[in-house]
Amino acid sequence: MTIRLPAADGTLRTYEPRTAPLSHAPGTPFSSRTVFSAAHVVADPFADVPPDAPAAIDWDATLAFRRHLWSHGLGVAEAMDTAQRGMGLDWAAAAELIRRSAAEARAAGGRIACGAGTDQLAGGTLARIRAAYEEQLAVVEEAGAQAVLMASRALAATAKGPEDYLEVYGHLLRQAAEPVVLHWLGPMFDPALEGYWGSSDLDAATGTFLEVIAAHPDKVDGVKISLLDARREVGLRRRLPRGVRCYTGDDFHYPELIAGDDQGFSHALLGVFDPLGPLAAGAVRVLDTGDVQGFRELLDPTVELSRHLFQPPTRFYKTGVVFLAWLAGHQSHFAMVGGLQSARSLPHLARAYELADGLGLFPAPKLAEERMKTLLSLYGVDQ
């Protein structure tokens, strides 16, 4: 019961897969933290479309995966970066995804937040950027979901300085029907967002970000910080107005940030909680009892896998996420919108399989092993 896996140096090593998964029973939402999994989309593998064509989505499999997350008590962060927003998922498909997932959330009793951005634009004036945000915000609100105001490539390209961010975000927050989540996505996830909030100096950018929040604290439910910098997140977290939550988007340091310290903690909105969903849910339930050590003992071992999936170029982490969903049996194929299944190397995927198997993430380890061997054979690796 072994499998030969390729290493980064071109050699093959022998790995013995585990035979039994860890057991993580479904459960209700958590009491100590608000936790969202940013969920991936499942491509339609039979759609005859080129990589640069509008996304073709397998809606049944996509919605089934969201029901899986809700069944474990996790919220779903929809149409976010993990769903390949701006990397294969265009606004038309994202709008349909938001509507379908919000309706599914109502039927399943699940919590949902959805991304509103400006990806129907390549650029333009501030007025056009505001209008694009307004269009997307309206779709989210009409669907009955909480809005996440995503970072805008168009705004990053057009804004002349911090005052333009203050104007655009102030306008949006004044008209938002319900409190929103503000999302600060770093350039490691999207290089087009370099200098967001009007400066490449992160201290200056943080000041502008906090100024936006301070002007409208009643319209900001929380902030999602995706900078992969735990110290900066903690510092920002301590400067938030009372009642404004910090949702960590740090896929490198999430256990310590969620556990918190004597001055506070972060909630979570994480892409890595797509493959880690059941295990992460079990860990947060332990935290609900006040057992911080038990929480860390469950979640700390997952960081090696997360750091592997999110290694540079970080924006291609979605490939590993979808790959693990295929191995876990959540979808019948390893195809992605935009053809991004080719964005990671075979040794990278092999290591992701090994780490995930070691954590017991696969409900059917034998199925995962068989699918891994199928992929290896396509690349010419004999077993």
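Select Thr 208 and show what surrounds it: Thr 208 touches Pro 162, Leu 166 and Trp 197, leaving aside residues up to four places away in sequence. Contact here means heavy atoms within 4.5 Å. The model is predicted, so local features need pLDDT of at least 70 and side-chain atom pairs count only at pLDDT 80 or more, while totals for chains, interfaces and linings use all residues. Residues are numbered from 1 along each chain as its sequence is written, and side-chain values use heavy atoms, with hydrogens and water left out.

Stay on Thr 208 and colour by secondary structure. Thr 208 lies in helix H6, residues 202-215. Helices (H or I, at least four residues) and strands (E, at least two) are DSSP runs, numbered from the N terminus. Is Thr 208 buried or exposed? Thr 208 is buried, with a relative accessible area of 7%; buried means under 20% relative accessible area, exposed over 50%, and partly exposed in between (1.4 Å probe, protein chains only). For a distance across the model, pick the C-alpha atoms of Thr 208 and Phe 316: they are separated by 29 Å, with the two residues 108 apart along the chain.

Next, select Phe 323. Not counting residues up to four places away in sequence, Phe 323 touches Phe 334, Leu 349, Ala 352, Tyr 353, Met 372 and Leu 375. In soluble globular proteins, nonpolar side chains tend to be buried together.

Cys 114 is buried at 0% relative accessibility, and Cys 246 is buried at 2%. How many disulfides does the structure hold? The number is zero, a disulfide being a pair of cysteine sulfur atoms within 2.5 Å.

Turn to charged side chains. A salt bridge is a side-chain nitrogen of Lys or Arg within 4 Å of a carboxyl oxygen of Asp or Glu, and the count comes to 18.

- Arg 130 and Glu 167 form a salt bridge at 3.0 Å, N to O. Arg 130 is in helix H3 (residues 126-142) and Glu 167 in helix H5 (residues 162-175), so the pair ties together parts 37 residues apart in sequence. Glu 167 is partly exposed, at 32%.
- Asp 261 and Arg 237 form a salt bridge, their closest N and O atoms 3.6 Å apart. Asp 261 sits in the loop between helix H8 (254-259) and strand S10 (267-270), and Arg 237 in helix H7 (residues 230-237). Asp 261 is partly exposed at 33%, whereas Arg 237 is buried at 10%.
- Arg 351 and Glu 304 form a salt bridge at 2.9 Å, N to O. Arg 351 belongs to helix H13 (residues 346-359) and Glu 304 to helix H11 (residues 303-309). Salt bridges with shared partners join Arg 13, Glu 304, Arg 351 and Glu 354 into one network.

Finish at Ser 32, in the loop between strand S2 (12-15) and strand S3 (35-38). The side chain of Ser 32 makes a polar contact with the side chain of Asp 288 at 2.4 Å. A polar contact is a pair of N or O atoms within 3.5 Å; within protein, one must be able to donate a hydrogen and the other to accept it, and residues adjacent in sequence count only if both atoms are side-chain atoms.
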